[in-house]
Amino acid sequence: MNIHEYQAKQIFAKYDVPIPKGKMIEKAEDAIDAAKEIGGNIWVVKAQIHAGGRGKGGGVKLARSLDEVEKYASEIIGMTLITHQTGPAGKLVKKVYIEGGIDIKKELYLGMVLDRAKELPVMMASTEGGVEIEKVAAEMPEKIIKVEIDPLTGFQGYHARELAFGLNLSKEQIKEFGKFAKALYKVYSLNDASLVEINPLVLTADDKFIALDAKMGFDDNALFRHKDILEMRDLDEEDPAEIEASEYGLSYVKLDGNVGCMVNGAGLAMSTMDIIKLEGGEPANFLDVGGKASASTVAKGFEIILKDPNVKAILVNIFGGIVRCDRIANGILEATETTRVEVPIVVRLDGTNAKEAIEIIGKSSLTNIISATDLGDAARKVVKAAKGV
């Protein structure tokens, strides 16, 4: 689950991570009052959406008067903001965050993620603050300093010094940076975050570190421990189909291709999408029906996949282990009874009760089902079907 910048900063404040004074509003007419409450004579008006690159898309404006604060708030609220992370459709802005201006001496980057290969949290820093970290990693990887942190010992002084030396901080700045980084580690670890990112982290004229931006994502499996964070969920920022799928215990992520995918197991689903691409196709979604799939949940999966008008064919790739193949077969039949399935369906079933499943489908009156012997065969057939070949 992701949250907005203003929400991330509320969490930062609980752990004494310095942030600028700010206020979220949903109506442009409240902008001037918010700016007066913040104080100062320069403000920043920021669109609140779950995507990066807001400034480049026109979603971040510097206001030098109260009139400009209201003007920019009026322009941003209600706009469809398109960035490199929103896709071409963009996202509708329903709220903005107004912050007081900061006297910036230097812009840096600081973030935390889990390194799955090393199975440890990693704190990353870079002198290239304000630049997309993906771009820095691709073009200037030497500019990223990383320290691995053992959760049993936590964040230590030597972690801070290694990052600070890499950032070329002065002796006086290292102490302040260490306090900041340690507080950020607490934010990450105590809230079961999957990502904490500050870009930019600014060094002010008086050598203070302030989180000018804030981005946080959380481990969905741990949210039961954080009801306060779960309450921050903004369904307007999530795909309606993904929300519907989660209600039925289905893991669904919409993609941009035309080959619908229904698979059991996240690893097999990823492999399936890779092989579809290898055969020249493009997956339309990630859909993991899980290990407890029933005929009704499979039918719901079909319904969700077919809500995407781009889907031209569907690949069902099931390896029966916990979930039985005959359940999937019955789900396919149930789906065709409740939802008009007018696209070709390529089915590859193997494992528990695969023989029974093939018999169930074979005895049906369905004419748009194509059987496949293995995953490679299934991928080739579904890509051809999607292309109308």
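The largest nonpolar core in this predicted model has 42 residues. Phe12, Met123, Phe177, Met216 and Phe218 have the most contacts inside it. Helix α6, residues 171-190, gives the most to this core, with 9 residues.

**Nonpolar cores**
- Phe177 touches Leu110, Ala160, Leu163, Ala164, Leu167, Leu169, Leu201 and Phe209, leaving aside residues up to four places away in sequence.
- A second core is separate and has 32 residues. Ala284, Leu349, Ala357 and Ile369 are among them.

**Helix α2**
- Helix α2 spans residues 31-38. Its buried residues are Ala31, Ile32, Ala34, Ala35 and Ile38.
- Seen down the axis of α2, these buried residues fall within an arc of 160°, so they line one face of the helix.
- Asp33 and Lys36 are exposed, on the face of α2 turned away from its buried side.
- The buried residues of α2 pack against two helix and strand neighbours on each list here: β1 (22-25), β2 (43-47), α3 (66-76) and β6 (96-100).

**Cysteines**
- A disulfide is a covalent bond between the sulfur atoms of two cysteines.
- The count here is 0 disulfides.
- Cys325 is in no disulfide either, with the sulfur of Cys261 as its nearest at 17 Å.
- Cys261 counts as buried, at 2% relative accessibility. Cys325 is buried too, with a relative accessible area of 0%.

Terms used. Residues numbered from 1 in each chain as written. Predicted model: local features only at pLDDT ≥ 70, side-chain atom pairs only at ≥ 80, totals over all residues. Heavy atoms only, no water. Disulfide = S-S within 2.5 Å. Buried < 20%, exposed > 50% of the residue type's maximum accessible area, 1.4 Å probe, protein only. Core = buried A, V, L, I, M, F, W, Y, C linked by side-chain atoms within 4.5 Å. Helix = DSSP H or I, 4+ residues; strand = E, 2+ residues; numbered from the N terminus. Contact = heavy atoms within 4.5 Å. Arc of directions from axis to C-beta.
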